[in-house]
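Have a look at the model first, then read on.

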Amino acid sequence: MAAAATMAAAARELVLRAGVSDMEEEEGPLGSGPGLQEPLQLGELDITSDEFILDEVDVHIQANLEDELVKEALKTGVDLRHYSKQVELELQQIEQKSIRDYIQESENIASLHNQITACDAVLERMEQMLGAFQSDLSSISSEIRTLQEQSGAMNIRLRNRQAVRGKLGELVDGLVVPSVLVTAILEAPVTEPRFLEQLQELDAKAAAVREQEARGTAACTDVRGVLDRLRVKAVTKIREFILQKIYSFRKPMTNYQIPQTALLKYRFFYQFLLGNERATAKEIRDEYVETLSKIYLSYYRSYLGRLMKVQYEEVAEKDDLMGVEDTAKKGFFSKPSLRSRNTIFTLGTRGSVISPTELEAPILVPHTAQRGEQRYPFEALFRSQHYALLDNSCLEYHFICEFFTVSGPAAHDLFHAVMGRTLTMTLKHLESYLADCYDAIAVFLCIHIVLRFRNIAAKRDVPALDRYWEQVLALLWPRFELILEMNVQSVRSTDPQRLGGLDTRPHYITRRYAEFSSALVSINQTIPNERTMQLLGQLQVEVENFVLRVAAEFSSRKEQLVFLINNYDMMLGVLMERAADDSKEVESFQQLLNARTQEFIEELLSPPFGGLVAFVKEAEALIERGQAERLRGEEARVTQLIRGFGSSWKTSVECLSQDVMRSFTNFRNGTSIIQGALTQLIQLYHRFHRVLSQPQLRALPARAELINIHHLMVELKKHKPNF
């Protein structure tokens, strides 16, 4: 590329020089003439120069030899000298022609040269202008950097000033006391909303001033006096208002929950006192505690006194125990003279007191009950008393937490300061009543009432009563266990011979046990307690032993069995009616009843069919031992058994049925026993048939007198009573 550029430059120089030479020739007479023209400078094209290198000539020669025309000329045998001259002549002609073309375009070339020169001048001026612009831009860039630095510094100063202005504004706003605040605190009644709003503003300003004083802000001294006077005025008005509300509790027949609800709207008043005048806040709290403590104590003492007046007049005494003889006492177990009378062994409708609907029913109103001559068992009075206590305690606890802004142990302490005297009085009253209480069902119902009320208190998020519930249970459980143990001991020490005339019907002591046990089991199923089941197990053992002792007083085994079956059946029926079918008591008495029933059926069949039973057992034993040949000597006995059964079985079955129906008070049980006896008789006679089918007795003539089994079954069904 560099060589080509050089050759192009040399060609342009040659053309220009050729044009100048022609011009000089034309101007010959006026110029210096042809003899004065300068030699043509060919530069790299000058082959006459000393710088021409022969090595390069060899290279060019080699390159020319490879030219197609040269190769063709060499092949055809052309004379190279002649050909060279011809080529040189042609080149000269072309050169001259080219020179003439350049001369013809000399004006255009000169014009081009002038334009190029003018362009160079313009470009030079533009270069100067751009240089000036560059220097100006450099100075402007430095100015911009300076301005940026100044702008950053101004922004920092602006932010600092804004921060100072915000802090200073907050400080000023917190310290300045507006006239609206002063007017509201001094003139507005405490019940108006604007007083509460401005009181909150005053509390915020007082807190702000205290904070600034701690930081050493001198401006606080300018507003301290104003704020103190406003604080004293607000404290005075709030104190008078709250004390008036508290004093209103003391008015007779006042529903104190209404002023309590009103105080909750102004709970911020106490918060203001607590933060600005603790002495006044303590005075108000102490006054509230003293007032409400007396009110609750007076209310519950009066309510308890009036409530106990509507209790049943006839209550259980220390002699009203399960094992006490019915003929040895008067009053409680005698025929009741009142239409509705509390009992100590029968649950009846008393269990409804722990049902969800009755548990949280409205409390009893004593004077209304007295006007209607209504009487209630102790557990109903206990439920009413403690539901009122629970309801009021929950409301009081939540009021204390909200109004006095306390929680946790502080709330518990304040609650017990208000309700402690009332709770203590209630515990003492309960302890005094339980000292002479012998109604185990009532005490057990009270235990379950407490357990349910404890759950309700937990759902209402009132843990302050937990300790009280534990104290109540600590009084009820030992008393319940003591009464139950007294009943166990009374049954254990009962002498059957002192019970007077005995019969085979269910005994009143076992009936008492059945009612009592089913009552406790049905109550205990709701919230099971293992200790209760253990005590009932002890009582059951003593009752079973008592039944056996009484049965031993009968002379005949049949009467003993009738007595046992009647008592077991009665106890089982009561338990199944009121307790779960899978309870331990039901299972135990069911086994005893089944065993004694089977023994009674055997005892029942023994007189009319004893010989038949004995022979069948002996014969089956001989057959089992392989001594069936010994049956040949029993033909006379077998004949007598066959004829005796055929002649007397109907009469015997009829007498049997009548005897069973007379012996058992429960007709269903009697029917079941008759059905079992007839079934066993059929099985016995079927076994007798199998014995007679043995080869040793098969030829016995009396076999023809045997009664057909199916005929016997049809006949026996006629004697089955239907109820």
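Predicted model: local features only at pLDDT ≥ 70, side-chain atom pairs only at ≥ 80, totals over all residues.

## The overall picture

Two residues are in contact when heavy atoms of theirs lie within 4.5 Å.

What does the secondary structure of the protein chain come to? It's 24 helices and zero strands. The chain has 723 residues, and 38% of them count as buried. Its accessible surface comes to about 42000 Å², with 54% of that belonging to carbon and sulfur atoms.

Ser-384 sits in helix 14, which covers residues 378-403. Is Ser-384 buried or exposed? Its relative accessible area is 0%, and the cut-off for buried is under 20%, so Ser-384 is buried.

Leaving out residues up to four places away in sequence, Ser-384 touches Tyr-303, Leu-307, Ile-363 and Leu-364. With Tyr-303 there's also a polar contact: the two side chains are joined at 2.6 Å.

Pro-366 belongs to helix 13, residues 366-371. Pro-366 counts as buried because its relative accessibility is 4%, and buried means under 20%.

Again setting aside residues up to four places away in sequence, Pro-366 touches Tyr-303, Arg-306, Leu-307 and Val-310. Tyr-303 and Leu-307 also turn up among the residues that Ser-384 touches. Then there's Leu-304: Pro-366 is 62 residues from it in sequence, yet their C-alpha atoms are 9.4 Å apart in space.

## A nonpolar patch on the surface

Over on the surface, which residues form a nonpolar patch? They are Val-122, Leu-123 and Met-126, and together they have about 260 Å² of accessible area.

Met-126 is placed in helix 5, which runs over residues 106-175. At 43% relative accessibility, Met-126 counts as partly exposed, since that label covers values between the 20% and 50% cut-offs.

## Cysteines

If you're wondering about disulfides, the count comes to zero. In general, a disulfide is a covalent bond between the sulfur atoms of two cysteines.

Technical notes. Residues numbered from 1 in each chain as written. Heavy atoms only, no water. Helix = DSSP H or I, 4+ residues; strand = E, 2+ residues; numbered from the N terminus. Buried < 20%, exposed > 50% of the residue type's maximum accessible area, 1.4 Å probe, protein only. Areas by Shrake-Rupley, 256 points an atom, 1.4 Å probe, with all protein chains shown as cover. Polar contact = N/O pair within 3.5 Å; in protein donor to acceptor, adjacent residues only side chain to side chain. Patch = residues over 30% accessible without salt bridge, like charges linked within 9 Å, V, L, I, M, F, W, Y side chains within 5 Å. Salt bridge = Lys/Arg side-chain N within 4 Å of Asp/Glu carboxyl O. Disulfide = S-S within 2.5 Å.
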